[in-house]
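Dear colleague,

Please find below the structure that I am handing over to you. My findings follow it.

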Amino acid sequence: MALAFSTMAALRFGTGLRPGQAPPESVEEMLGELDAARREKLSFPDGGLLAAKDRIAESTVQLALLKQAGKRADPETKRLNRVRFNIELVNLLTVEEHARFTQTVLSPYGFNERLAGFWLNHFSVNARKEYFMRLIVPLYEAEAIRPHMAGRFADLAKAAVLHPAMLIYLDQVKSIGPNSPQGRKRGKGLNENLARELLELHTLGAGSGYTQADVRNAAFVLTGMTVDRKTYQARYSARIAEPGAKVVCGRSYGGRVRSQSDVEALIEDLAASPETRNHICRKIAAHFIADTPPREVVEAMAVAWKRTDGELAAVYAAMLRHPASWAEEGQKAKPPFDYIVSGLRALSVGADDMRHRGLRPDAPTKAAGTAEGAMPQMTGGAEAMDFDPAALRLRHNPLTVPAVQRLGQPVWQPPSPAGFDDVFSTWIAGGPLAGRIAWARLAAARLGGDRDPRAFLHETLRDAARQDTIDTVLLAPTRQMGIALVLASPEFNRR
Amino acid sequence: MDVDQKMPLSRRAFLTSACCVAAAPLFTSLTLAAAPGDKRLVTVVLRGAMDGLHLVQPYADPAFRLYRPTLAVSPDDGLIDLDGFYGLNPEAQALLPLWKSGELSFVQSVSTPYRNARSHFDGQDVLENGGAVLGDEKTGWLNRALSAIPSPSSRKAVDVNTSAALLLSGENRVDVWSTQTDLTMKTDETAFFERLYRNDPPFAQAIAEAEVIDGSTDTLFADQKRGAKTADIARLAAGMLMQDYRIASFSITGWDTHARQKPAFRAPATDLAAAILTIRETLSPAAWKDTIIVAITEFGRTVRENGSGGTDHGTGGLAVIAGGGIHGGRVIGRWPGLAEDRLLDGRDLMPTGDVRELAAAMLYRQFDISAGNLTNIIFPGLDFSPSSIYLKSV
């Protein structure tokens, strides 16, 4: 028997049921979320986009000052100051990582949050690529991914691919046209990394027919795109752009005079190709519905894409309006972030329960760790002896940031440009399941309170609850064990 | 319109179809004892760029001391002579018996093809994905190797880690187990979870697997505390190799010694020695004979020490090989020399070997993977043949 629409909407297409928050009752309501979410104030970056940009600008100044001061300082002082500076950046990221949980757990727009997770993983970047990426990646999700998820795919692709986070992550900042003025002077050359992933991962898809020559020519077209290291804004520099026209997949880009519009035209054309359309539609359906998604759903999505020139809202609508999208519940395994988010939602966790844990009680009083953290102080040799970096680091909330790391999906740190795996067998196996059971028990102990497990089961899984789970929870020796069993149940891990 | 027709047969998809045997459920076989004579491989990733010149010091080269006036240790100060040219850092002296018994070798001046940028992040990516350039491969070479092992019983691999490292990530099923993964349940509690999962096959299989591993981990650690130290990780890895796992991988961190390298080297060097010795102790003598441990790092460090008594990111590095069946007690690989004009960019040890060739040689030796698979799928573009010096040397 099919599950209720609202149950499927919350489990398969949302972030799970949260007692007191009504799940969508119709496809129109779900699509309406996309508009409403655009007016939602995000929990990250801390203080908003402008504050995040200010922090980046301040940090570049701080770093320049440190380097200046380093010329006069002894090597040890210089090193310690750099360590402090780096910890400051790590702490800023820690704040944002926790806020990302707050955002997804508290937002009433579950479908929108799931799309953010999907597109973040599709256009993967890693906050550990270099130190400043710790500041840039939260901003990337907030300004390049989220505002464009319901618009044209081409616009989303341009925003993501040309954002400083991506330009740094995939080494575009190291790519210089060999025949550009800079290339001739410095003898440096092309880096194909972004071009390759743009074709293989972001748009056309592996094995869709493009050649190594297309990759190389796309890399030539991309030259010129770089990042201003003072402001960390993307910019186009003609001094590193390879002159001349280059052919990618049969179309020519650029000429004697090059500009950013060549790059944008390339992304537009790639986004408009049938290979991209099929690749992306299939990937979206595979994310939400099943590792091998129903062919008719993918076709309906591709038709909508073609009709609207890649309006993503229309593509989502085609998926959601197809009956096959609502059949056979539980074919996908929630990846760790979504598993924990849905567990915290089931437990009605509020913002206070999701905060980081601040500094160690014995930490030095003037420590780094807040958004307005002080300039690292100059230190002498004596202090260096008992310098303890751990005392300067913000502590994590054990139920969120380190938990997803342990389960294999650290926030903003995918293992490769291909992102985290999105298949059942990766997440449901001995070690990972043992980790999930451990989390379920910890969450039940910390947050379960005196809930009645039977009511909890009904509120969080409704008609998706299976007989084995109902029976086992009834037999649980303690309330805590009952709650843990609900959170560890197969249907809570599936969607 | 036909959407699926265009589905690319990607490298990834190809591997999926090629590896279905390896991906098949294997949990029942966990209860079987390991067949004697099965070859095993342990990879240890030394993260942070291990200073090979500090671990194994070319003390007989007079230039060495000039490059490293405070860091170089002389035999008079405790450096342990290995062969009249190289000496072992005393922080790793626990390894000396293995060197003497021929169960330990060092591989001099190897590197990945990664050049000129010296970023840990990118260097480790290349080390683990086995490609010729950054971004060439999306999966780990050790995962791709699983598809190419002829004997299905040798394909079971574990990543002893909190989350899967790139090295073992890919299409093939790999278990991830951490020393901190502990079901810590009484039998009656376990029964609830078994009941919860009994009618959902993948979950039933996963909990059965988890219980077996958890049980054997408990036995392995007996009354000792299950810590997260390197020795604990190594014990767990070896314990799983005594079951039906044949490949295990874990990491040792702490090698990024930009300052005060002498004291800073102590912890990771002690860890490395402890890892190797713990694996040897935990394995049966027969299993140790069939095991090779290979420890590799993303790149070496500068030949000159810096102003903080440390070293900076370099290129040519050192790999460590240990095992009960190797012809060890040797420093393998061509020594490039320390003359100014022999250094890469005037600063780094010149690489004289590809660390991927070393890894390929170990895979070839342990698992009979064909040279064709090694150079096409596992390390695309690598030059490897069965006459590799790394094969002759082990």
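In chain B, the centres of domain 1 and domain 2, taken over C-alpha atoms, are separated by 33 Å. The assignment, which is automatic or from a database, gives domain 1 as 37-180 + 227-392 and domain 2 as 182-226. Nine residues from domain 1 of chain B and seven residues from domain 2 of chain B make up their contact, where contact requires C-beta atoms, placed from the backbone, within 7 Å. On the side of domain 1, helix α10 (residues 230-242) of chain B gives the most, with four residues; helices are DSSP runs of H or I, at least four residues, numbered from the N terminus.

This is a predicted model: local features need pLDDT of at least 70 and side-chain atom pairs pLDDT 80 or more, whereas totals for chains, interfaces and linings use all residues. Residues are numbered from 1 along each chain as its sequence is written, with chains lettered from A and ligands numbered from 1 in the order in which they are written.

In chain A, seven of the ten residues of helix α15 (residues 312-321) are buried, meaning 20 or more other C-beta atoms within 10 Å of their own. Their cover includes α2 (27-38) and α7 (153-161) of chain A.

Yours sincerely

How values were computed:
Buried ≥ 20, exposed ≤ 12 C-beta atoms within 10 Å, placed from the backbone. Helix = DSSP H or I, 4+ residues; strand = E, 2+ residues; numbered from the N terminus. Contact = placed C-beta atoms within 7 Å.
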